[in-house]
Amino acid sequence: MLNKLSDTIYYLANQNEKERPTLGLVCGDHSSLMIDAGNSPQHAKDFLQDIAKLNVPPVKYVVITHAHWDHFLGMNEFDATIIVNNQTNVLLEKWRNYSFDDYSLQRYVNNGEINALCMEIIQSEMPNRERFKLNSPTIIFENSITIDLGNKVCLIEQIKSTHTDDSTIIYIPDEKVIFLGDAAYCTTKNGLYHFKQSLLLPMIDDIEKYNAELYLLGHESLCDKNEMILYWEELTTTCSVVKSDSLQDAIACFKVETNREPNDNERFFMQAFVNDQIIRSQQR
């Protein structure tokens with residue numbers, strides 16, 4: 001069921017048990033824009049069925065926030081202009097060459113190209129997929145693009161991100177609403193979850209220049225300004241105390257600087273920044 005933020009903005013909340021991220025809908029006077037296409041054709045169909053119950057203009061645009069499968073595998077269901085940044089387009093090229101029969105999917109899992117959960121979702125939600133081929137995007141932008149839906153402007157920008165190098169965000173200025181996709185999350189490499197320390201502050205600057213009041217995240221749905229401020233504070237504080245690959249040293253430094261024990265979130269973030277130190281040392 002769609003959640004209504006205003007007369008022109010709706011979202012379908014994330015469903016973590018199905019690996020379904022938040023999907024967004026922004027409506028103007030003459031057309032609508034969707035944020036992300038879903039993790040499967042069925043996810044996209046469910047969203048389209050909910051949209052059909054609204055008295056809103058047709059979906060003319062779909063913006064893909066980044067090239068992780070759970071955000072784009074439903075894109076073939078839309079008779080719309082698909083918008084991606086140029087890095088996302090490069091990453092999607094591999095998926096456009098994939099086959100989706102069981103044998104091929106298992107081979108991709110064995111080769112580490114997709115994970116087992118991705119295969120399970122595809123198999124359960126795409127029963128007729130032997131001839132499935134992912135469509136190509138329609139508009140490929142560099143840096144940023146502006147879409148006017150009719151008295152409703154969407155500012156679309158590729159930003160620096162701790163999650164992926166191809167993260168796109170969407171800001172609706174008259175509503176002060178921003179869709180972040182997964183941009184503000186950590187990522188995983190070599191089996192280690194980590195936040196990219198070098199990109200944390202640049203990412204926050206890229207996001208906060210828009211002065212949003214409501215934030216839509218890929219796997220938490222809705223956050224208000226105060227919740228995001230707390231999130232940024234916990235991230236920046238824990239980032240600043242991690243100077244090596246020692247979690248114990250980071251915790252000791254945190255206690256000195258804050259005069260308290262870290263909470264569970266802060267411990268998770270410190271471990272993620274420590275893991276980033278470990279990954280960078282492996283690359284030297």
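# Helix packing and ring pairs in a predicted model

User: At what angle do helix 6 (residues 225-241) and helix 8 (residues 264-283) pack?

Analyst: Helices (H or I, at least four residues) and strands (E, at least two) are DSSP runs, numbered from the N terminus. Axes are lines fitted to C-alpha atoms, for helices over the stretch in contact, and angles between N-to-C directions run from 0 to 180 degrees. The axes of helix 6 and helix 8 are 9 Å apart, and the angle is about 45°.

User: Which orientation class does helix 6 have relative to helix 8?

Analyst: Angles under 35 degrees count as roughly parallel, over 145 as roughly antiparallel, 65 to 115 as roughly perpendicular and the rest as oblique. With an angle of about 45°, helix 6 is therefore classed relative to helix 8 as oblique.

User: At what pLDDT do side-chain atom pairs count?

Analyst: Residues are numbered from 1 along each chain as its sequence is written, and side-chain values use heavy atoms, with hydrogens and water left out. The model is predicted: totals for chains, interfaces and linings use all residues, local features need pLDDT of at least 70, and side-chain atom pairs count only at pLDDT 80 or more.

User: Is the crossing of helix 7 and helix 8 left-handed or right-handed?

Analyst: Helix 7 spans residues 247-258, and its axis and that of helix 8 are 10 Å apart at about 130°, so the two are oblique to each other. A crossing is left-handed if the near helix is turned anticlockwise from the far one by less than a right angle, and right-handed if clockwise. Helix 7 and helix 8 cross in the sense called right-handed.

User: Which residues of helix 8 make the contact with helix 7?

Analyst: Contact means heavy atoms within 4.5 Å. Helix 7 contributes L247, A250, I251 and F254, while helix 8 contributes E266, R267, M270, Q271 and V274.

User: How many residues in the contact of helix 6 with helix 8 are charged?

Analyst: Ala, Val, Leu, Ile, Met, Phe, Trp, Tyr, Cys and Pro count as nonpolar, Asp, Glu, Lys and Arg as charged, and the others, Gly among them, as polar. Y231, E234, L235, T238, C239 and V241 of helix 6 meet N265, E266, F269, M270 and F273 of helix 8. By type, the contact has 7 nonpolar residues, 2 polar ones and, as for charged residues, 2.

User: How are helix 3 and helix 4 oriented to each other?

Analyst: Helix 4 covers residues 116-125, and its axis and that of helix 3 come within 9 Å. D102, L105, Q106 and V109 in helix 3 meet A116, M119, I122 and Q123 in helix 4, a contact of 5 nonpolar, 2 polar and 1 charged residues. The axes cross at roughly 165°, and the pair is therefore roughly antiparallel.

User: What is the angle between the ring planes of W95 and Y98?

Analyst: Rings of Phe, Tyr and Trp (its six-membered ring) pair if their centres lie within 6.5 Å; planes under 30 degrees apart count as stacked, over 60 as edge-to-face and the rest as tilted. The whole structure holds 11 aromatic pairs. W95 and Y98 form an edge-to-face pair, with 5.0 Å between centres and a plane angle of 65°.

User: Why is Y98 classed as buried?

Analyst: Buried means under 20% relative accessible area, exposed over 50% and partly exposed in between (1.4 Å probe, protein chains only). W95 is buried at 6%. Y98 is buried because its relative accessibility is 4%.

User: Which pair class do the rings of Y98 and Y108 fall into?

Analyst: The ring centres of Y98 and Y108 are 4.0 Å apart with planes at 20°, so the pair is stacked. The pair links distant parts of the chain, 10 residues apart: Y98 is in the loop between helix 2 (86-96) and helix 3 (102-110), and Y108 is in helix 3. Y108 counts as buried at 5% relative accessibility. The class of the Y98 and Y108 pair is stacked.

User: Which residues does F100 contact, leaving aside its neighbours within four places in sequence?

Analyst: F100 sits in the loop between helix 2 and helix 3 and is buried, with a relative accessible area of 0%. Beyond those neighbours, F100 is in contact with L73, W95, L105, I122, R129 and F132.

User: What is the relative accessible area of N151?

Analyst: N151 lies in the loop between strand 8 (144-148) and strand 9 (153-158). Its phi is positive, near 55°, in a residue other than glycine. N151 is exposed, with a relative accessible area of 67%.
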